[in-house]
Amino acid sequence: MVRVRRALLFAQGIARHYVYAGPPGREQDQRRLGVLRTRWPIWRLMDSIGRELIHGRQAALPSSLQPPGGIPRLPLLGEPEAAELYLSIVVQCRNDDYGGNMLLRLNRMLATAARMLHSANLPSEIIVVEWNPPLGAPPIHEVLERAPDTGSVSIRVIRVPTLVHMSMPHHKAHPIFEHTAENVAFRRARGKFILKTNIDNILSPDTVLFIARRQLREDSVYRATYVEYDVTRPETEGMGPEELLTWLFGRSDLLTNVNLQLAELRPQYPED
């Protein structure tokens with residue numbers, strides 16, 4: 001990353017020299033700057049990569065190359081530094097009630113995850129990508145329910161409009177492109193690590209405690225055992241996040257199923 005940043009700063013200096021090296025003349029400079037921004041590939045490359053860099057700086061020019069009135073600020077090398085986050089949880093959806101009780105499942109996932117992350121004092125965020133919102137349905141950000149005592153965990157909604165969806169091949173056959181939506185969030189995630197999941201997946205307390213140790217390796221991909229269980233049963237109605245977690249992970253049939261799956265997986269993945 002340091003080498004990339006240095007290379008971009010060097011190229012930025014060359015670009016500005018190209019714009020401002022000629023005899024003083026506002027019209028000439030503006031024409032050169034317009035050509036540089038629209039036709040010169042390295043400008044577009046710097047702009048694309050630069051926006052992804054967190055720590056941006058402006059390259060300085062010698063005083064002999066400074067144009068009258070100073071150098072205008074160019075939109076290169078990233079955005080202002082964001083708060084340091086350890087984890088970004090990414091999910092995607094659209095408010096179409098896919099699978100039934102969609103909003104209930106989404107809100108329960110958000111509430112339980114945010115509550116555990118907050119309790120573990122883990123700097124984190126949850127990103128919900130709303131892809132191709134259905135006509136007439138309320139926006140996702142209007143139907144999310146914020147659980148109490150979870151204020152340290154930000155929940156961001158990124159809305160991808162229908163026009164973007166319609167610009168993609170096979171858009172008529174698929175109302176949502178899940179992996180593309182997840183990539184939208186990956187590019188905008190602020191966490192050091194990313195956990196991709198689905199709106200009806202409830203993380204176990206052990207999983208959150210494992211992440212909260214802050215010992216994840218940057219050269220590894222982690223996975224967790226997935227177990228199907230109905231968390232929309234009538235007896236769960238009105239449960240808060242802590243009560244729901246206690247109920248869910250106290251089910252003997254669920255725990256038995258988990259242990260059986262782990263026993264089958266261990267010989268298949270001895271390196272885990």
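View 1. The strands follow the order 3-2-1-4 with parallel pairing, where two strands pair if DSSP finds at least two bridges between them, and where strands (E, at least two residues) and helices (H or I, at least four) are DSSP runs numbered from the N terminus. Strand 3 (154–160) and strand 4 stand at the edges with a single partner strand each, so one side of each is left without a neighbour in the sheet. From one strand to the next the twist averages 25°. This is a predicted model, in which local features need pLDDT of at least 70 and side-chain atom pairs count only at pLDDT 80 or more, while totals for chains, interfaces and linings use all residues. Residues are numbered from 1 along each chain as its sequence is written, and side-chain values use heavy atoms, with hydrogens and water left out.

**View 2. The pairing of strand 2 with strand 3.** Strand 2 (residues 124–131) runs parallel to strand 3 and is joined to it by seven bridges; Val-129 has Ile-158 of strand 3 as its bridge partner.

**View 3. Helix 7 on the sheet.** Helix 7 (residues 178–188) lies across strand 1 (85–93), strand 2, strand 3 and strand 4, and runs at about 140° to strand 2. Axes are lines fitted to C-alpha atoms, for helices over the stretch in contact, with angles from 0 to 180 degrees between N-to-C directions, and contact means heavy atoms within 4.5 Å.
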